[in-house]
Amino acid sequence: MVTGVLVTVLGVGAVLWAARCREAEVRRARAVLGGGVGVEVPGWRDRVWWWVEWVRARPEWGCAVAGAVIGVVGASPLPLLFGLCVVPGVARARRAREARRERERRGDAVIRLCGLMAGEVRAGRQPGEALAVAVRESDSLPGARGAVVVAAARFGGDVAGALREAARQPGAEGLHGLAACWRVAVDRGAGLAAGLDRLAGALRAERDQRADLQAQLAGPWSTAVMLAGLPALGLLLGSAMGAQPLRVLLHTGAGVGCLVVGGVLEAVGMWWAVRIVRGAEG
């Protein structure tokens with residue numbers, strides 16, 4: 001009973017903390033806008049919606065919510081503590097997945113940039129003008145990096161150096177090849193369009209090879225995830241049969257020991273599976 005009340009109090013405190021942060025943001029907006037013109041204090045529906053959006057943007061906190069629910073059912077704070085301990089690892093995995101998607105998006109944009117630039121050069125545009133148009137339409141170099149490359153192309157700057165600087169972004173390594181094509185075409189008068197076509201073909205083949213490898217690794221990775229979820233399935237089956245596995249795991253010394261050892265082995269197994277998959281992708 002006491003632990004259930006403790007878990008409930010912690011949940012309510014988290015909601016109040018989020019609402020207080022939201023009110024602080026509103027006060028800062030009022031101060032910036034000078035008296036709060038056009039800024040309204042959010043009602044409870046807005047606060048609840050903001051909380052839902054916050055959780056959707058950070059799904060790793062679902063582990064803490066699930067731990068709190070299991071803690072209430074099992075009348076123990078251990079699931080909540082375990083869920084909070086899992087949050088950093090899940091957040092790191094989410095950020096890594098988002099970074100991988102951004103890297104793939106940037107790589108596709110570089111391939112598009114090479115194809116567009118080759119088409120513009122064949123259409124009769126000068127290399128500098130063709131590069132500026134391709135950068136704008138492909139969205140491969142947003143922000144200051146794209147502005148630096150376009151400025152160098154239009155005003156006779158070091159375009160190859162600007163491209164190599166932009167190639168430091170994850171996924172934009174293909175810009176090194178574009179810089180080499182630019183250097184050869186400008187210094188030696190070689191065909192820029194033909195070099196860009198070959199570069200785009202090589203980058204496209206590398207992307208397809210990486211996608212094929214990821215498709216081959218999807219099966220083993222799905223198997224590892226399924227095996228990692230079997231203990232939870234066992235707990236559900238035990239509860240359905242009336243064996244009360246949560247009471248044994250959370251309220252007995254042997255059960256807590258098995259829970260700790262099982263959690264450590266589960267974490268080590270997932271870490272090892274992730275390491276194998278990343279090694280194969282590398």
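Me: Is the crossing of α5 and α6 left-handed or right-handed?
Reply: This is a predicted model, where local features need pLDDT of at least 70, side-chain atom pairs count only at pLDDT 80 or more, and totals for chains, interfaces and linings use all residues. Residues are numbered from 1 along each chain as its sequence is written, and side-chain values use heavy atoms, without hydrogens and water. A crossing is left-handed if the near helix is turned anticlockwise from the far one by less than a right angle, right-handed if clockwise. For α5 and α6 the crossing is left-handed.

Me: How is α5 oriented relative to α6?
Reply: Helices here are DSSP runs (H or I, at least four residues), numbered from the N terminus. α5 packs on α6 (residues 144-154) at about 160°, with the axes 8 Å apart. Angles over 145 degrees count as roughly antiparallel. So α5 and α6 are roughly antiparallel.

Me: Which α6 residues make the contact with α5?
Reply: Contact means heavy atoms within 4.5 Å. From α5 come Gly128, Leu131, Ala132, Val135 and Arg136. Their α6 partners are Gly146, Val149, Val150, Ala153 and Arg154.

Me: How does α4 lie against α5?
Reply: Helix α4 (residues 78-122) meets α5 (residues 127-138) at about 140°, with axes 8 Å apart. That angle makes the pair oblique.

Me: How many charged residues are in the contact of α4 with α5?
Reply: Among the residues in contact are Arg112, Glu120 and Leu116 of α4 and Glu137 and Val133 of α5. Asp, Glu, Lys and Arg count as charged. Beside 11 nonpolar residues and one polar, the charged ones number three.

Technical notes:
Axes are lines fitted to C-alpha atoms, for helices over the stretch in contact, and angles run from 0 to 180 degrees between N-to-C directions. Helices (H or I, at least four residues) and strands (E, at least two) are DSSP runs, numbered from the N terminus. Angles under 35 degrees count as roughly parallel, over 145 as roughly antiparallel, 65 to 115 as roughly perpendicular and the rest as oblique.
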